[in-house]
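Please consider the structure shown below together with its sequence.

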Amino acid sequence: MLPAHSPFLGGTPTPTCRTSPTPRRRRPLSISSSSSPSDPLTTFGRVLWGRSLPPTPLISLARSSWSSAWHLMMRQLAPSTPSGSYSRPSSPFPSVPAHYLTSRPLHLHLYGAFPCPWAHRALLVRALRSLESLIPVSLVVPGRDGLWEFESPDYPGGCRTLRDVYALRPGGYDGRSTVPMLWDSELRDVVCNESYGIVEFFNALDSGGDDLAPDHLRRQIEHWNAIVYPKINNGVYRCGFAQSQEAYDAAASELFAAMDAIEEHLSSSRYLCGDTLTLADVCLFTTLIRFDLVYNVLFRCTKKKLVEYPNLHGYTRDIYQMPKVADTCHFGAIVDSYYGTLFPLNPSGIRPLLPDSASEAELLSKPHNRESLSSTRRDLLPQAA
């Protein structure tokens, strides 16, 4: 129990009974250098109301003002429906024009970022398809103002931010400057800034890597994409960016129902579509690799952690241990970006104590034993989650 004079209760010390009726002279309020807070706001507050809590009207005003400011920022950062559910904006450049498949030489440049799961898709498929020499890449990092920034200025026109690159296109650009973005360096124009459009294009290019969308698996890939994208990829954002309790409850329910269903499916299937790694797996992996570090904590996806799903976690380890995959996973950049730049979700900017990058990599490098799974059900299209 807190004492009656605890500042958390807003009370004052209970006077001690004395035998002498002589009143004590009240000492003037003084702020000594040894006990006073160093910041002026705390000192000012102590002068106004001592060690008690601020008055109720002030608390109510602060709560109302913060709530209004938070909703204003969230509506700009994460557009929502009238019910408060996050509605992801569509990409203005959703697919790569078909002529790029036959154009040679290609004058394409990929802009990506290690923290972003959507950009991670493109970086991962570029690596798996061995396109490093065909598609050069430039990486950006999140800036304090929310813009993607280059760490060095030696980019087109001396650009400082990715927005500056977008603005180089004919007619300029005033939309969201997102990653990944595929850029035509000869025409100085945006080719595509939709992640799935980019990975489909990368997969269609001639390369030395395995086909991640073979014709006989296309239907299954589409089936899984229809579950994974809205309920898991975007589902974690619908939880984190929900602006009402009802919106959060609906998103969290769909998220974990989908994860439960995939956990069951992976008990007898090495990957989503059987023995073959596909684009559907790439899309699921880039969310799972961030789940416990970010989404479980910051986005309130708290019902279960990924490590509590033995099949999903083993599946994640299986993909992580494939050649080139780990090189695309930068856990420090992921944690710093989400906790440091998503101000409305973490206004203090405090980074929670999480496993360091070496520990996370060590955990993901443990044996998965998924190559031993049977193929009994792999020719069957599973039911929708």
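Which helices each supply at least two residues of the lining of the largest pocket? The model examined here is a predicted one, and the answer comprises four helices by name: H2 (56-77), H3, H6 (218-240) and H10 (331-341). Helix H10 provides the largest share of that lining, namely four residues. The volume of the largest pocket is about 1,600 Å³. Its lining consists of 44 residues, of which Leu77, Gly146, Trp148, Arg176 and Thr178 are the closest to the centre of the pocket.

In general, the strands of a sheet pair through backbone hydrogen bonds, in either a parallel or an antiparallel manner. Here, four strands form an open sheet with mixed pairing, and their order is S2-S1-S5-S6. From one strand to the next, the twist averages 35 degrees.

The pairing can be followed strand by strand. Strand S1, which spans residues 108-112, pairs with S2 in the parallel sense over three bridges. Within this part of the sheet, Tyr111 stands opposite Ser138 of S2. Strands S5 and S6, by contrast, pair in the antiparallel sense, over three bridges. Here Trp183 has Val190 in S6 as its bridge partner.

Helix H3 (residues 117-128) lies across S1 and S2, and it runs at about 130 degrees to S1. Helix H3 also contributes at least two residues to the lining of the largest pocket. Helix H5 (residues 195-204) lies across S1, strand S5 (181-184) and S6, with a direction at about 65 degrees to S5.

One joins Arg104 to Pro105, with omega near 0 degrees, and Pro105 is located in the loop between H2 and S1. Another joins Val179 and Pro180, where omega is about 0 degrees; Pro180 is in the loop between helix H4 (162-166) and S5.

The aromatic side chains complete the picture. How many aromatic pairs does a search of the whole structure find? The search finds 17. Ring pairs link Tyr86, Trp118, Tyr229, Tyr237, Phe241, Tyr295, Phe299 and Tyr338 into a cluster. One member of this cluster, Tyr237, also has a charged group over its ring: the charged end of Arg88 sits there, at 4.9 Å from the ring centre. A further arrangement of a charge over a ring involves Lys304, which lies over the face of Tyr309 at 4.0 Å from the ring centre.

How values were computed. Residues numbered from 1 in each chain as written. Predicted model: local features only at pLDDT ≥ 70, side-chain atom pairs only at ≥ 80, totals over all residues. Heavy atoms only, no water. Pairing = 2+ DSSP bridges. Axes fitted to C-alpha atoms, helices over the stretch in contact; angles between N-to-C directions. Contact = heavy atoms within 4.5 Å. Phe/Tyr/Trp six-rings, centres within 6.5 Å; stacked < 30°, edge-to-face > 60°. Lys NZ or Arg CZ within 6 Å of the ring centre and 35° of its normal. 1 Å grid on protein atoms, 1.4 Å probe; cavity = no way out; pocket = protein on both sides within 12 Å on 5 of 7 lines; lining within 4 Å. Points joined across faces, edges and corners; volume = space filled by probe spheres on them.
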